[in-house]
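Subject: Handover of a protein structure

Dear colleague,

Please find below the structure that I am handing over to you.

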Amino acid sequence: ALLEGGHLALRERAEAGELLGKLGDPRPGVGVLPGTGGGPPLPDLVWVEVPAGSFLMGSSEEDEEAASWEGPQHRMEIPYSYWLARFPTTVAQYGCFVEDHGYDDPRWWTPRGWAWRRGELRGASMRWEQQQEHPNRPVRWVTWFEAVAFCRWLTERLQAAGSQGRVWYGGQHSDLRLPVPGFRCRLPTEAEWERAARGERGRRYAWGDKAWEPQRANLAGTVGDVAPVGMFPLGATPSGLLDMTGNVWEWTASLYRSYPYRGDDGRNDEEAEGPRVVRGACWDYFQGGARCAYRAWNDPDDYYLTIGFRVVMSLASSDS
């Protein structure tokens, strides 16, 4: 409550979050749960439901901050509900995949991802030892291939454990079982990400239409580095999603292609080649990146200190 309540000054809050990470961050959705029945430890996930519906996607020509590749603005329909992780995937949570030998099992990887993995000969995210010093920060230095492999691993492990995690609703956690027995964990599509950040009415920012200020997101060098997740409660969406703006860019499932967005044109095919969209901006990015419609992209084998990801759980394929 002290960290997510916004009671401390920004740098003090970040420092307190770092200390909590070293001591063992107990906040739901941030750490790890012990395995059941001899299974491996699993990420402790808290999900936020995003209901089916339409929303405004992209930027209009009247938006002076918008780049050309953000338009034209158009209405997009997502005909199903889905659940998005409340936080980006943390170092501690990604460690479950590493410790379960996820880098050694081709089942979790796309063919191109496995070829990349064999070429890189890596057994964890880049700079993994350094990242492990900050378990409640978002994992970063991860390629798109690694993020997809983590999601595939997570789907099978959660299904085997009979676990789906908890739900954040109405400002509190619920242990009610989610009604999705055949779920799949994956990266959100670009449309799913923007729908979750923007809402049905097309908010300009994740928190609403008020302009960005340092208390709302780890952006433009506010803290000076990536921060533990959940340190900017004033930047939360009305549904309770945190860190949708700033901290780290988040990989999406979608290839970078021009608008209008179409989910059935192959842009969400995991086997397709090409750069993938990243969303949300990062801790050292400029303020214009705070807008929900802002989009950028990177090659799937790129890894940076500014790119992480969060997971969606859904019954749907990634066609929307």
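The notes below go from the whole protein to its parts.

**Overall picture**

Please bear in mind throughout that this is a predicted model. The protein has six helices and 14 strands. Its radius of gyration is 18 Å, close to the 20 Å that the globule rule gives for 320 residues, so the protein is as compact as a globular protein of that length. Along the principal axes, the C-alpha atoms fill a box of roughly 55 × 45 × 40 Å.

Of the 320 residues, 58% are buried. The accessible surface comes to about 13100 Å², and carbon and sulfur atoms account for 51% of that area.

**The nonpolar cores**

Which residues touch the most other members of the largest nonpolar core? They are Tyr 94, Phe 97, Trp 109, Leu 187, Trp 251 and Phe 309, in a core of 76 residues. Helix 5 (residues 144-161) supplies the largest share of this core, with 10 residues. There is also a second, separate core of six residues, and among them are Leu 10, Ala 14, Val 223 and Ala 227.

Leaving aside residues up to four places away in sequence, Trp 109 touches Phe 97, Gly 102, Tyr 103, Trp 114, Trp 116, Arg 117, Phe 145, Glu 146, Ala 149 and Arg 152.

Helix 5 has 18 residues, and the distance from its first C-alpha to its last is 26 Å, close to the 26 Å expected at 1.5 Å a residue. Is helix 5 mostly covered or mostly uncovered? It is mostly covered, since 13 of its 18 residues are buried. As a reminder for reading any such element, an α-helix has 3.6 residues a turn, so residues three or four places apart point the same way. After helix 5 comes Gly 162, with a positive phi near 65 degrees.

Arg 13 lies in helix 1 (residues 10-23). Its relative accessible area is 1%, and because buried means under 20%, Arg 13 counts as buried. Arg 13 is 219 residues from Phe 232 in sequence, yet their C-alpha atoms are 9.1 Å apart in space.

**Strands and their pairing**

Strands of a sheet pair through backbone hydrogen bonds, either parallel or antiparallel. Strand 4 (residues 53-57) and strand 5 (residues 74-78) run antiparallel and are joined by five bridges.

Leu 255 has Arg 276 in strand 11 as its bridge partner.

**Backbone features in the loops**

Most residues other than glycine have a negative phi, and most peptide bonds are trans. Several places in this model depart from that pattern.

- Gly 71 and Pro 72 are joined by a cis peptide bond, with omega about 5 degrees; Pro 72 sits in the loop between strand 4 and strand 5.
- The bond from Tyr 259 to Pro 260 is also cis, with omega near 0 degrees; Pro 260 belongs to the loop between strand 10 and strand 11.
- His 101 is not a glycine, but its phi is positive, about 60 degrees; His 101 is located in the loop between helix 2 (91-99) and helix 3 (111-120).
- Ala 281, likewise a residue other than glycine, has a positive phi near 65 degrees; it is found in the loop between strand 11 and strand 12.

Is Ala 281 buried or exposed? Ala 281 is buried, with a relative accessible area of 0%.

Yours sincerely,

A colleague

Methods. Residues are numbered from 1 along each chain as its sequence is written. This is a predicted model: local features need pLDDT of at least 70, side-chain atom pairs count only at pLDDT 80 or more; totals for chains, interfaces and linings use all residues. Side-chain values use heavy atoms; hydrogens and water are left out. Two strands pair if DSSP finds at least two bridges between them. Helices (H or I, at least four residues) and strands (E, at least two) are DSSP runs, numbered from the N terminus. A nonpolar core is a set of buried Ala, Val, Leu, Ile, Met, Phe, Trp, Tyr and Cys residues joined through side-chain atoms within 4.5 Å. Buried means under 20% relative accessible area, exposed over 50%, partly exposed in between (1.4 Å probe, protein chains only). Contact means heavy atoms within 4.5 Å. The expected span of a helix is 1.5 Å times one less than its number of residues. The radius of gyration is taken over C-alpha atoms; the globule rule is 2.2 Å times the number of residues to the power 0.38. Accessible areas come from the Shrake-Rupley method with a 1.4 Å probe; for residues, only the protein chains shown count as cover.
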